[in-house]
Amino acid sequence: MLKNYLVTAWRNLNKNRAFSLINIAGLAIGMAVCLLILQYVNFELSYDQFNKNAADIYRVTNDRYQNGKLVQHGTITYSAIGKALQDDYPEVIGHVRAEPWGKTTAGYQDKKIADLATMAIDNDFFTMFSYPLLAGDRATALREPHTAVISTTTAEKVFGVQKNYSGLVGRQFVLDRDTLPYKVTGVIEVPENSHLQFDILTSYSTMLTGKNVWKEADYDFTDSDFWHYIQLKHGTDYRALEAKLEEFSQRHFQGNKVSGSVEKFYLQPLSRAHLYSDYEYEIGKTGSATVVWGLFIIAVFIITIAWVNYINLSTARSVDRAKEVGVRKVTGATRGELIRQFLIESLLVNLFAFGLAIGLMSVTQKAFNGLIQTELSFATLFRPGFNGYSITIGLGALLLLGIFVSAAYPAFVLSSFRPIAVLKGKFRSSRKGIVLRKGLVIGQFAITILLITGSVVVYRQITFMSRQELGMNIDHMLIVRPPALTAWDSTFIEKENSFKHELKQISGVSGAATAGRLPGNEMARTFNVHRLEDNSGAHYTLRNMSVDYDYLNLYNMKIIAGRDFDPSDYNPDPSKLHNILLSKAAVKMLGFASPEDAIGKQIVTRRNWTVIGVVNDWHQKSLRYALEPAMLTPFYGTDNWISVKVNTGNITATMAAVKEKYRAFFPGNPFDYFFLDEAFNKQYKNDLLFGKAFTLFAGLAIVIACLGLLGLSAFGTAQRIKEIGIRKVLGASVTNIVLLLSKDFVWLVMIAFLIASPIAWWIMHQWLQDFAYRIVLSPWIFAAAGFLAVLIAIVTISFQAIKAAMATPVQSLRAE
């Protein structure tokens, strides 16, 4: 019987090749898109799930309020927090402190490898987390000072070892300018779906021993420069513990005495660290929950459109299949047998489509990986993600449910026909069936209009941000990494100034400067700032950054009052530095009447500073964030970045000349560089991904919807072939016929527009709230999306309508 069902199903598919092709193509594209997107969704949701204790690990976050306003929302806090929490609350069974050292240079024999992400961390890291340790002892790997666990990539870069990692244990290497070598005590594998990405882990105890002991790193409530992870007893309600943290804060310290602000602590589940981080001073690899869930919704929309197409086309063909059903019932077929027949036919279409989808996915996988800049594969769908295998199970359930519904509904409709009415020629499509098909078309195009509107809004917002003035010019700016291996001494400032002078002699270089932070980097904060003469008790927070006297001119930043730094403002002895620059926003916040009024006045931090100039405001970070008041200080340092303005002519020769000068002035330092505009634009990575994916998948949704509309219009035209012939005999023009066949579909698209527009406005309005600087949702955006949808519908329908209208009436009536 099954063989008979399959043969019959194949014959029906082969008999109606055009409809079969439309159905299979639409379903295949929808399934392929859905599978590709769900690869990315599952990968993003799988972050940190390899940790056995993932459900019980939290990181401590910290908000600071000043004068009733949030001034810091970060992951950075005091060194004592973790231990104090474990001492005070039995729910906390473990804590780990982390202190990132940034990018370091490892030296081994005559080899120096730069740009290694390094972090000092407690030995309990290996108890709390489940990173695979390929060599070494988890219990003791980071217990002793000057010990280090290196990643597999570092093992290859520094030691040239790829497999026999146990042989590395005991070897020594040097980090930056540290006079004591570090002993390798382990080799660790860092999974790609870990929010913590590092090359070297050093023992936390290293900071607490030796000549330069960092006392505040041990147990302190005054120096806020540390990150904490805690582990709770399994089953603990972390929100209940979080509610106790205000009391905890008051018991151990008062933030207004430490930072001049009110401090509040929170706990963030490890599973949310990657996707739900809008925190400052983030040390982890972050993604965007908006992008992930937005693409997930798009995937559901697209596969829904594809299945709606199938249901619509299958039920629309009910008139053609009616006589077949009538004959089968008269010859003894039961309704159950007919249902099974149509179910198998539908399942066969879905299986063909699924097989084609796998093929399409394989062909487009490389391009998709390039789009999202992540190496994924079909196997990614089957790795454990958020809540285990919930995404994989959900995907399977969605596909099975969709296949069953899209197969079952046509099967039950077709099997319900009454044979007597059919064979007497009295069968017509039911009113309910027609209303359902119209409803499904409206739903399809409402989703399509939503996607078109979304892609336009995302594109316009990204374009808006990229074209805004930053208050500085970062074009053609080459960034050379700091000479971190050069020791600081009284001659360093003179040496760096001489280096800059030599750079300017290169024909392809127009200027050079140094600074502690780069555009796109988080600036440091200075708390408890106030005017010397202000007795109101008001205290403020300023961003701060060290720059040299060429920085403002190099970046084309404008002095609006007073003067810029000059060489006399700098001194190798930091205690002799007294002059600063303020931003225009800082002048306003501190209550000066005007920029000119601030000149010569003093402000107080941990020392007194004299304001010598006011700089026009600039965007240090992306336009997702609001401008913040800032101060610029006259510090040099061996960890200051070197900015070089280059011409785009012979860049290769220019780079070679810069490298030669760098090595002459800073021997022993690896020469490494990048271009600032590329680094700055990485801030928009998630937004650009969202924009590209939105536009691409909106286009595919339109293609799928158009396939369905093409099939429906072809079927509708075929059903009205006699009417078209009669109208032409009576004098109807081609235009009249096209309008006749198009108007019903156009009305459906217009109704879809009316439904989709307010929904699209609300969704995109919510999305835009994440940006401090954003576009206005103009009515024309929605009108353009609606017009485009109507135009696409008309063009799609016109293929069949014009073909029918151009046919001679004799052929139409003879065919009938």
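Residue numbers start at 1 along each chain as its sequence is written, and side-chain values rest on heavy atoms, with hydrogens and water left out. Because the model is predicted, local features need pLDDT of at least 70 and side-chain atom pairs count only at pLDDT 80 or more, while totals for chains, interfaces and linings use all residues.

Aromatic rings come up first. Rings of Phe, Tyr and Trp (its six-membered ring) are taken as a pair if their centres lie within 6.5 Å; planes under 30 degrees apart are stacked, over 60 edge-to-face, and the rest tilted. That rule gives 35 aromatic pairs. In one of them, W609 and F635 have ring centres 6.3 Å apart and planes at 75°, so the pair is edge-to-face. This pair ties together distant parts of the chain, 26 residues apart: W609 sits in strand 20 (residues 608–615), and F635 in the loop between strand 21 (630–633) and strand 22 (641–646). Helices (H or I, at least four residues) and strands (E, at least two) are DSSP runs, numbered from the N terminus. On accessibility, buried is under 20% relative accessible area, exposed is over 50%, and partly exposed is in between (1.4 Å probe, protein chains only). W609 is buried at 4%, whereas F635 is partly exposed at 24%. Elsewhere, ring pairs join W488, F492, F499, Y662, F665, F666, F671 and Y673 into a cluster.

Charges turn up over rings too, the test being NZ of Lys or CZ of Arg within 6 Å of the ring centre and within 35 degrees of the ring normal. The charged end of R272 sits over the ring of Y276, 3.8 Å from its centre, and K621 lies over the face of Y625, 3.9 Å from the ring centre.

Next, a helix with a buried side. Helix 5 (residues 152–159) has T152, T154, A155, V158 and F159 buried. These residues span an arc of only 155° around the axis (taken from the directions from the helix axis to the C-beta atoms), which puts them on the same side of helix 5. Just after helix 5, G160 adopts a positive phi of about 70°.

I751 belongs to helix 23 (residues 734–768) and is partly exposed, at 36% relative accessibility. F296, in helix 9 (residues 289–316), is also partly exposed, at 27%.
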